[in-house]
Amino acid sequence: MRFDSMRRSAGAAPFDAFGILYAATIKLASIPRLIEESEKRLAFGGFADSDGRMIRGGFLSEEDRKALVALARDNLSAGRVTRRANALVLLDDGMSCQEVAKVLLFDDDTIRGWYDLFEQNGVEGLTSFDIGGGSSKLSVEQCEVLKAWVGATLPRSTRPVGAFIAKEFGLVYESRSGLIALLHRLGLEYHKPEVVSRKLDEKKQKDFIAAYEKLLNSMSPDEAAVFVDAVHPTHAARPVGCWGPKKQNLAIEQTSGRQRINIHGAIDLETGQTRMIEAETIDAMSTIRLLESLEALYPLMVCIHVFLDNARYHHAKLVSEWLSRPGCRIKLHFLPAYCPHLNPIERLWGVMHKNITHNKCYDTCTEFAEATLDFLRDKVPRNWAKYRSTVTDNFRVISPKDFRVIA
């Protein structure tokens, strides 16, 4: 009997034995390929991306990673921006596109598209959207228009900038950090204007600095030079930023802030020696008391040069009469008008606030006054090596011509 007839009589399908042999041969031949594919899957963590191209982690620079983390945590950013930032950070951590897609409830092709967008345009590519929903960039001409507009209007926040871009170019920047990055690339920075007097005289400043340096170079050992000014610190804490534990709310107790102390003081930049007079009112009498104190501080000095501003009480008739008495060893030198930057004791007041009022509270005004005067009278002279680099006579000339006056 023929073989196929026997198979039919036994109820078997035609050529079944040959089919089984052929299938077994095919499986044996495919084993090496299956092993190779298995090894590849293990090498990439057991997952293969949709197009077979794995994104390896660690591709973000430190700066880009910080920017993306900030975007992901920015409550003001649109949800689509934070999702994109999250995806890039997770990819950088070593997760595959499929894993990220599963976490964020997207498909892995969308995650890969965001990665390609970042590769092409950086962080800005993730934060820029045109009307159709795709990424967009300003052209060179548009960048120049934006730069000119910012330079002319000096906007105080990024909101007007984003509104201008949307109105003029039809592009929407939904992230504040994206706008900031754009402005930085255009060579623009956030400035805080300095306050300068309208009546600053550049020539008078130069003349004063030249006369001061000439005096210092010609002073004999029995002469001294001091700077004088008055300060009126208020019994109130000044909150300033500080480092502390994460997720811990910080606060300082505050007083009414209605009481203040009046101090008329002087400092010798060579030795750090100070004289501080507390007074009910800063006037001609407090000026005379301070000058008398300086003569007592330097009993062996033939001449004490005192540099001070043009406050009315410094020019008072009582002060002039006291200076004209026989044997007076005080010689006054007045600073140019509106030039507190030429009086180093102004810098000492700043150091005083940093050490006394910043993030510190005192129960009573008496305690506050004691702490302030103790610092100025005792701690500054004893620790002059610590403060002398801050309280200096390194003068500079300030000219309104060096600034763009905006108001």
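This is a predicted model: local features need pLDDT of at least 70, side-chain atom pairs count only at pLDDT 80 or more; totals for chains, interfaces and linings use all residues.
User: Is Leu 348 buried or exposed?
Analyst: Leu 348 lies in helix α13, and, leaving aside residues up to four places away in sequence, Leu 348 touches Ile 267, Met 276, Leu 376, Val 380 and Val 391. The relative accessibility of Leu 348 is 0%, and because buried means under 20%, Leu 348 counts as buried.

User: How far apart in space are Leu 348 and Ile 267, C-alpha to C-alpha?
Analyst: These two residues are in contact with each other, although 81 residues separate them along the sequence. From C-alpha to C-alpha, the distance in space between Leu 348 and Ile 267 is 8.8 Å.

User: What span does helix α11 reach from its first C-alpha to its last?
Analyst: Helix α11 covers residues 284–297, which is 14 residues. At 1.5 Å a residue the expected span is 20 Å, and the helix comes close to that value. From its first C-alpha to its last, α11 reaches 20 Å.

User: Which backbone oxygen does the side chain of Thr 287 reach?
Analyst: Thr 287 is found in helix α11 and, at 4% relative accessibility, counts as buried. Not counting residues up to four places away in sequence, Thr 287 touches His 264, Tyr 313, His 314 and Val 319. At 2.9 Å, the side chain of Thr 287 reaches the backbone oxygen of Asp 283.

User: At the start of α11, which residue has the backbone nitrogen that a side-chain oxygen of Asp 283 reaches?
Analyst: Several residues of α11 are buried, including Ala 284, Ser 286 and Thr 287, and the buried residues of this helix pack against elements such as β3, β4 and α12 (317–323). At the start of the helix, a side-chain oxygen of Asp 283 comes to within 3.1 Å of a backbone nitrogen, which belongs to Met 285.

User: Which residue forms a salt bridge with Lys 401?
Analyst: The structure holds 10 salt bridges. One of them has its closest N and O atoms 3.5 Å apart and joins Lys 401 to Glu 202. Lys 401 lies in the segment after α15 and its partner in helix α10, so the pair ties together parts that are 199 residues apart in sequence.

User: What is the N to O distance in the salt bridge between Arg 382 and Asp 378?
Analyst: Both residues lie in helix α14, four residues apart, which is about one turn of the helix. Residues three or four places apart point the same way, because an α-helix has 3.6 residues a turn. Arg 382 counts as exposed at 55% relative accessibility, whereas Asp 378 counts as partly exposed at 29%. The N to O distance in the salt bridge between Arg 382 and Asp 378 is 2.9 Å.

Terms used
Residues are numbered from 1 along each chain as its sequence is written. Side-chain values use heavy atoms; hydrogens and water are left out. Contact means heavy atoms within 4.5 Å. Helices (H or I, at least four residues) and strands (E, at least two) are DSSP runs, numbered from the N terminus. Buried means under 20% relative accessible area, exposed over 50%, partly exposed in between (1.4 Å probe, protein chains only). A polar contact is a pair of N or O atoms within 3.5 Å; within protein, one must be able to donate a hydrogen and the other to accept it, and residues adjacent in sequence count only if both atoms are side-chain atoms. The expected span of a helix is 1.5 Å times one less than its number of residues. A salt bridge is a side-chain nitrogen of Lys or Arg within 4 Å of a carboxyl oxygen of Asp or Glu.
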